[in-house]
Amino acid sequence: MRRRTVLVALGATTAVAVGAVWFLGDGDDSAPGSKGKGGLPPATATVERTDLVRSKTVDGQLDFARRRPVKSAVEGTVTVAAAEGRTLTRGQALYELNDKPVSLLYGPVPMFREMKVGDRGSDVLQLERNLRDLGYGAGLYVDVRYGEDTAAAVKRWQKSLNREPTGRVGRGDVVFQPGPVKVVSADAVLADRVGPDGTVLTVASTKPVVRAELDQTDGALTARGTRVEVTLPSGKTVTGHVDGTVRPDSSGAGGGAGGGAGGGAPAQDGITVEVVLDGGAGAVSGEDPKAPSSVTFVSEARKGVLAVPVEAVVALRGEHGGYGLQVVEGTTSRMVRVETGMTADGRIEVSGPDVRAGLTVGVAAS
C-alpha cells in the first residue's frame, strides 16, 4: 500500500529557501543580544503567528464496520444463498439451509443451545424481546424464563415462516447479531454442503467506514477518536475519526471492500484501523467502493503559535548552547535565544521573551 508523510502548516507562510539548522560563521555574533558587525544574513523571513498541523496521509478503502463471518451451527445444504450487498434487519432470512430460513435476530448473546420450555438465561430474554418486537408478543411475559407463553409466541412465529410449529428454537434456526447487517460476501453458494462451523456468509454493520493501514511506529494515530480527513474516490473530502483497530486478515476481500480490489495486500507488520465518517451512509453515497480513498491522520496540532522557517533557527555556540534567531534591524542584527517546539511543512514553532510576530529574522542560504 502506498504511503506518504505530509506535514501541513495552516495559515500564512513565507516562501524561503530549503535548508537546515545553521551556525553563524562569526562566533562573536552567536551570543544572544550581541549586535552583528555588518554581517547580515543571506536571506530573511518574518516571524508569524499561525497554526501548525502535523499529519500523515495513507491510502484507504471503503468498507463497513465490524466485518465478521457467520457460521452454520448445524450441518446442511444451502438451498437459498445469501444475497451479497443486501442489508438485512430483524426477522429476515440470512440464507436458507435444508429449505428452512435461518433468521436474523438482534442481541449480543450468540445462539449457543436449543431453547425450550424450562430453560432460563439471558439468551431466553433476548429471544423474547425479539418475538415481542416482531409482533408475536401477545400474552408473552418478557423475562429470563422460557415458559409456555414463550413457546406459544415461538409457534406463532414459526408458522409465519412455514416452519413446523414446535415451540422450540434450534441452534441452526436463528443467528443473533448486534443489529442490522450488510451481507459482504456469500461464502457458501447454492447446493453447498456446510457445517457445523462452516462459514456461510460474511456480514458487517451498516455503518460505512474507511479501512487504512498504518505502520507500527504510528501507534499514536490509532487511538480511538483521532481526527481524520478522508478524500473519497470522487474527490469529495469528508471528516471522520478512528473507531478502532482490526486484524489485517479481517478486512477480507470480495465486494471491493477491505483489502480487496484497488487496496493491495496489507503488510504483515502494519496496523489496520477503521475510520468512521461523520456523514454516515450519506457521505459515501454514489462512491466507488473498489477505488482507493486518501486518509489524512492529524497527529498533532498547535494553534496560534509563533513560527519561522526551519532554516531560520541557529544552533548557538558556547557554554550554554541551545537555539536562537538572528533578528535583523536595518543594517544590523542581533541574536535572541528561543525555545523550539513542533515542526510542520518546513516551519518550526519558536517562543521566548524576545520573540514576537513581525520580527525579521535571518535565514540560511539554500
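I take strands (E, at least two residues) and helices (H or I, at least four) as DSSP runs, numbered from the N terminus. Two strands pair if DSSP finds at least two bridges between them.

**Ground rules.** The model is predicted, so I note the limits: local features need pLDDT of at least 70, side-chain atom pairs count only at pLDDT 80 or more, and totals for chains, interfaces and linings use all residues. Residues are numbered from 1 along each chain as its sequence is written, and side-chain values use heavy atoms, with hydrogens and water left out.

**Entry: the whole chain.** I looked up the secondary structure and found two helices and 23 strands. The chain has 366 residues, and 46% of them are buried. Buried means under 20% relative accessible area, exposed means over 50%, and partly exposed lies in between (1.4 Å probe, protein chains only). I then turned to contacts, meaning heavy atoms within 4.5 Å. Of those with a separation of 6 or more, 71% join residues 24 or more positions apart. The accessible surface comes to about 17,000 Å², and carbon and sulfur atoms hold 50% of that. The areas come from the Shrake-Rupley method with a 1.4 Å probe; for residues, only the protein chains shown count as cover.

**Entry: strand β15.** I picked β15, residues 227-231. Which residues are on its covered face? Val228 and Val230 are. Arg227, Glu229 and Thr231 make up the uncovered face. In a regular strand the side chains alternate between the two faces of the sheet.

I traced two partners for β15. Strand β16 (residues 237-246) runs antiparallel to β15 over five bridges, and Val228 has Gly240 as its bridge partner there. These two strands form a hairpin with five residues between them. In the turn, Gly235 has a positive phi of about 100 degrees. Strand β18 (residues 292-309) is also antiparallel to β15, with four bridges. Val230 has its bridge partner Val295 in β18.

**Entry: strand β11.** Is β11 (residues 181-186) enclosed or open? Six of its six residues are buried, so the rest of the structure largely encloses β11. Strand β7 (residues 87-88) pairs with β11 in the antiparallel sense over two bridges, and Leu88 has Val181 as its bridge partner. Strand β13 (residues 199-205) pairs with β11 antiparallel over five bridges. There, Val181 has Ser205 as its bridge partner.

**Entry: an open sheet.** I followed five strands in the order β10-β9-β8-β6-β12, with mixed pairing. β10 and β12 (193-194) are the edges, each with a single partner strand, so one side of each has no neighbour in the sheet. Strand β9 (residues 100-106) and β10 are parallel over four bridges. Leu104 stands opposite Val175 of β10.

**Entry: the largest pocket.** I found about 400 Å³ of space in the largest pocket. Its lining has 21 residues. Which lie nearest the centre? Pro110, Met111, Val175, Phe176 and Gln177 do. β5 (68-71) and β10 (174-177) each give the lining at least two residues. By type, the lining holds 13 nonpolar, four polar and four charged residues.

**Entry: Gly282.** I placed Gly282 in the loop between β17 (271-277) and β18. Its relative accessibility is 52%, so Gly282 counts as exposed. Gly282 and Pro208 are 74 residues apart in sequence, and 9.2 Å apart in space, C-alpha to C-alpha.

Notes. On a 1 Å grid over the protein atoms alone, a cavity is a set of points where a 1.4 Å probe fits but cannot get out, and a pocket is an open set with protein on both sides within 12 Å along at least five of seven lines; lining residues have an atom within 4 Å of a point. Grid points are joined across faces, edges and corners, and a volume is the space filled by probe spheres set on the points. Ala, Val, Leu, Ile, Met, Phe, Trp, Tyr, Cys and Pro count as nonpolar, Asp, Glu, Lys and Arg as charged, and the others, Gly among them, as polar.
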